[in-house]
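Here is a short note on the charged side-chain pairs in this model, written for reading beside the sequence and the coordinates.

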Amino acid sequence: MIYHRSLFERLERPAANPDSGATSVAIHLGKMLSIRAGSVQTLPDYGLPDLNDMSQSLHESLSQSRLLIERFIRAYEPRLKDVRVRSLPRDHDPLALAFAIEATLVVKGSRQPVVFTARLSDGGRVEVLPDVV
């Protein structure tokens, strides 16, 4: 049995070679972080508010977004432990939101430090890519 791919990944590609654990988690995080709060009727706390639509100062919005993302990942991605989220500098585009997600990936008893970059794109979708540690 393959434990490092999500159920939907196994259903979509049952005969395919398994993705690396970090790639599988990045795909799942991208899907998770793109879902808006209140979208899942059976899990009212699942999803994030629209990060583009926060009505606070930039510093408060970034701080609140970082904490919301951290809590959401801790609650709904069991393969990641010791999750820490920090906002990334917006050097090239002052309106773009990007976060680094640092954690420990636990798969089959093995622990591996991982870092992901999450970028909010147009339309509220979040793209998450694994970084090399």
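The numbered points below take up the salt bridges one after another.

1. The model is a predicted one, in which local features need pLDDT of at least 70 and side-chain atom pairs count only at pLDDT 80 or more, while totals for chains, interfaces and linings use all residues. Residues are numbered from 1 along each chain as its sequence is written, and side-chain values use heavy atoms, with hydrogens and water left out.

2. If a salt bridge is taken as a side-chain nitrogen of Lys or Arg within 4 Å of a carboxyl oxygen of Asp or Glu, the count comes to 6.

3. E70 pairs with R66, their closest N and O atoms being 3.2 Å apart, and both residues lie in helix α3 (residues 58–76), 4 residues apart, or about one turn of the helix. Helices (H or I, at least four residues) and strands (E, at least two) are DSSP runs, numbered from the N terminus. E70 is buried at 9% relative accessible area, whereas R66 is partly exposed at 24%; buried means under 20%, exposed over 50%, and partly exposed in between (1.4 Å probe, protein chains only).

4. D82 forms a salt bridge with R111, with 3.5 Å between the closest N and O atoms. This pair links distant parts of the chain, D82 being in strand β1 (residues 80–87) and R111 in strand β3 (residues 110–120), 29 residues apart. D82 is partly exposed at 46% relative accessibility, while R111, at 51%, counts as exposed.

5. E102 and R86 form a salt bridge whose closest N and O atoms are 3.0 Å apart, and this pair likewise links distant parts of the chain, with E102 in strand β2 (residues 98–107) and R86 in strand β1, 16 residues apart. E102 is partly exposed at 21% relative accessible area, and R86 is partly exposed at 40%.

6. Finally, salt bridges that share partners join R66, E70 and R74 into one network.
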